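Please walk me through this structure in the viewer, one selection at a time. I would like to know what to select next and what is there.

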Amino acid sequence: MTMKGSDFSGLFGRLVVGGVLLYAGFMKAVGPSAEFAAAIAAYKILPSAWVTPLALGLPYVEMWVGLFVLTGFYTRRAALAAAALFILFVLTLASARVRGIDLASCGCFGSDTLSPRYTLILDTALLALSVMVYRLSKYVRPWSLDQALQ
């Protein structure tokens, strides 16, 4: 089987996007949920009743989407879900910056902290990679579960 450049690009995008989502979700899932809930509350967007359920559920959504993207399982839908997550993250971070909310940490990687400014750049790049994976997944790619199950 001959590999094309787009095959390598798609695989690279899947590995990066899926790997980051898996890592971020895992770090939040194994850490204290109260810490992540406090990070969510600091954005001052959601009603307080929604903060804890989101803090408990979002890490698992990230891990599932990351696993699907990484393995190339329902790649097109998983890449679209990843793009939707990154749009949500970018809009949330941008909203906090526009409203002048000074966040000590974005809460994105659990106890591993990254400044919100750098996270905004990272999330924008991951959004672009997710869109690339979505576009390239129009056709079944090598090294994916989609191909193995075809």
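Start with the protein chain in cartoon view: its secondary structure comes to 6 helices and 0 strands, where helices (H or I, at least four residues) and strands (E, at least two) are DSSP runs, numbered from the N terminus. From the N terminus on, the order is α-α-α-α-α-α. The radius of gyration is 16 Å, close to the 15 Å that the globule rule gives for 150 residues, so the chain is as compact as a globular protein of that length. That radius is taken over C-alpha atoms, and the rule is 2.2 Å times the number of residues to the power 0.38.

This is a predicted model, in which local features need pLDDT of at least 70 and side-chain atom pairs count only at pLDDT 80 or more, while totals for chains, interfaces and linings use all residues. Residues are numbered from 1 along each chain as its sequence is written, and side-chain values use heavy atoms, with hydrogens and water left out.

Switch to the C-alpha trace, which spans about 50 × 25 × 25 Å along its principal axes. Of the 150 residues, 39% count as buried (under 20% relative accessible area; exposed is over 50%, partly exposed in between; 1.4 Å probe, protein chains only). Among contacts (heavy atoms within 4.5 Å) between residues at least 6 apart in sequence, 75% join residues at least 24 apart.

Next, select the charged side chains. There are 12 positive and 7 negative ones, with Lys and Arg counted as positive, Asp and Glu as negative, and His and the chain ends not counted. The centres of the two sets lie 11 Å apart, each charge being placed at NZ of Lys, CZ of Arg, CG of Asp or CD of Glu.

Now select K28 and E62. They form a salt bridge, with the closest N and O atoms 2.7 Å apart; the term means a side-chain nitrogen of Lys or Arg within 4 Å of a carboxyl oxygen of Asp or Glu. K28 lies in helix α1 (residues 5-30) and E62 in helix α3 (residues 48-71), so the pair ties together parts that are 34 residues apart in sequence. K28 is buried at 6% relative accessibility, and E62 is buried at 2%. A search of the whole structure finds 1 salt bridge.

Finish at D123, in helix α5 (residues 116-136).
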